[in-house]
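Subject: A structure to look through

Dear colleague,

I am handing over a structure, shown just below, and after it I set out what was found.

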Amino acid sequence: MPEQSRPNQQEFEHHKKQEKHKRENPLRDVILGGQDGLVNALGIILGALAAGASNHILIGTVLAASFAESLSMGAVAYTSALSQKDYYDSERKKEEEEVKDMPIMEREEVRRIYEEKGFKGKVLEEIVDTITSDKKLWIDTMMNEELNLHRINTKAVLKSSVIVTIATGIGHMIPLLPFFFVSNETGLVASVIVCTVALFAVGVYQAVTLVGNPLKSGLRMVLIGLAAAFIGYIIAKLFHAVG
């Protein structure tokens, strides 16, 4: 088989532009926040109606929950990522000390990592020499390959938390929207229908954008979302019956 020549810089850059891989996936944050907000609001609506709340109280309750839950979800997303960053920094510091205090053992770890990848002989030793000749590359390799930890991008974390916050707020508004025009049973029926359509659309979009069967993904999203919401309704009914 004839040896193929290496692509030039222009060909390589064109190839990278054509690749469909994404380093960031905001869809995850949209689904996380949106589904949480929708399910939470629908659960509150079902519970409030089961307890005999008026339309004005229902709207006020959901709006209050929307502000609190949206800010909470965004804060949790941010602080969770920051805790991961702190963990990464802590482990990196340990790795730096190990490379400094036990370079021979740490070098052997690099060798064994790449042995498991199938490298051996002269090629393996060249890889080990190249990695261990650069302290930063050495530590980065140990963090990625040995510990499977990756540096946290704080800007991406902030962006993610903002998306989650906004998506949660929008999610809360979807079940509530019908109650600005109608009330009680009519509003509840309309709210459940709107939520079902929204959940199904999100599931289909997720499958089309990422991977999966659109119909199955849509139905799964509907089933999980409505089941979670109706649990709140059942609990409210039980407490109302006891009271």
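In which helix of the protein chain is confidence lowest, and in which is it highest? This is a predicted model, in which local features need pLDDT of at least 70 and side-chain atom pairs count only at pLDDT 80 or more, while totals for chains, interfaces and linings use all residues. Residues are numbered from 1 along each chain as its sequence is written, and side-chain values use heavy atoms, leaving out hydrogens and water.

Confidence, given as pLDDT (the predictor's value for each residue, from 0 to 100), is lowest in helix α1 (residues 9-18), with a mean of 66, and highest in α5, at 95. Helices here are DSSP runs (H or I, at least four residues), numbered from the N terminus. Where pLDDT is low, the predicted coordinates should not be read in detail.

Helix α4 (residues 103-116) packs with α5 (residues 121-132) at an angle of about 135 degrees, their axes being 10 Å apart; axes are lines fitted to C-alpha atoms over the stretch in contact, and angles run from 0 to 180 degrees between N-to-C directions. The two are therefore oblique to each other (under 35 degrees is roughly parallel, over 145 roughly antiparallel, 65 to 115 roughly perpendicular, and the rest oblique).

α5 also packs with helix α6 (residues 135-146), at about 110 degrees and with axes 6 Å apart, which makes α5 roughly perpendicular to α6. In this contact (heavy atoms within 4.5 Å), Thr-130, Ile-131 and Thr-132 of α5 meet Leu-137, Trp-138 and Thr-141 of α6.

With best wishes
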